[in-house]
Amino acid sequence: MQQDRFHIGQLVRITHPSGYADHRTYCIVCLVFEESGDRLYRVKNTVGVERLVRAEEIEPAALTAVP
């Protein structure tokens with residue numbers, strides 16, 4: 001079994017923004033499993049914007065980051 005790189009409640013940043021600079025901090029709210037076996041993370045920012053991202057699209061936020 002593959003060990004999770006991230007956990008629920010962890011603050012992360014998007015490393016590969018799609019089309020615009022996204023410097024916001026997101027919080028991982030749940031782990032989603034696709035039928036194809038892919039593992040996705042549902043992340044949410046302070047304004048309520050939610051995204052589904054793969055582990056390679058996010059990185060841990062700085063220890064001083066606030067949501």
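In which strand is the place of Y26? Y26 lies in strand 2, residues 25-33, where strands are DSSP runs of E with at least two residues, numbered from the N terminus. The model is predicted, with local features needing pLDDT of at least 70 and side-chain atom pairs counting only at pLDDT 80 or more, while totals for chains, interfaces and linings use all residues. Residues are numbered from 1 along each chain as its sequence is written, and side-chain values use heavy atoms, with hydrogens and water left out.

- Y26 counts as buried because its relative accessibility is 1%, the cut-off for buried being under 20% relative accessible area with a 1.4 Å probe and protein chains only.
- Leaving aside neighbours within four places in sequence, Y26 is in contact (heavy atoms within 4.5 Å) with residues including V12, I14, V43 and R51.
- Between Y26 and V12, 14 residues apart in sequence, the C-alpha to C-alpha separation is 5.3 Å.

**Strand pairing and hairpins**

- Strand 2 and strand 3 run antiparallel and are joined by 6 bridges, pairing being assigned if DSSP finds at least two bridges between two strands.
- I28 stands opposite V43 in strand 3, and the hairpin of strand 2 and strand 3 has 5 residues between them, with G37 in the turn at a positive phi of about 95 degrees.
- Strand 3 also runs antiparallel to strand 4 (residues 50-54), with 5 bridges, and R42 stands opposite L52 in strand 4.

Key: Helices (H or I, at least four residues) and strands (E, at least two) are DSSP runs, numbered from the N terminus. Buried means under 20% relative accessible area, exposed over 50%, partly exposed in between (1.4 Å probe, protein chains only).
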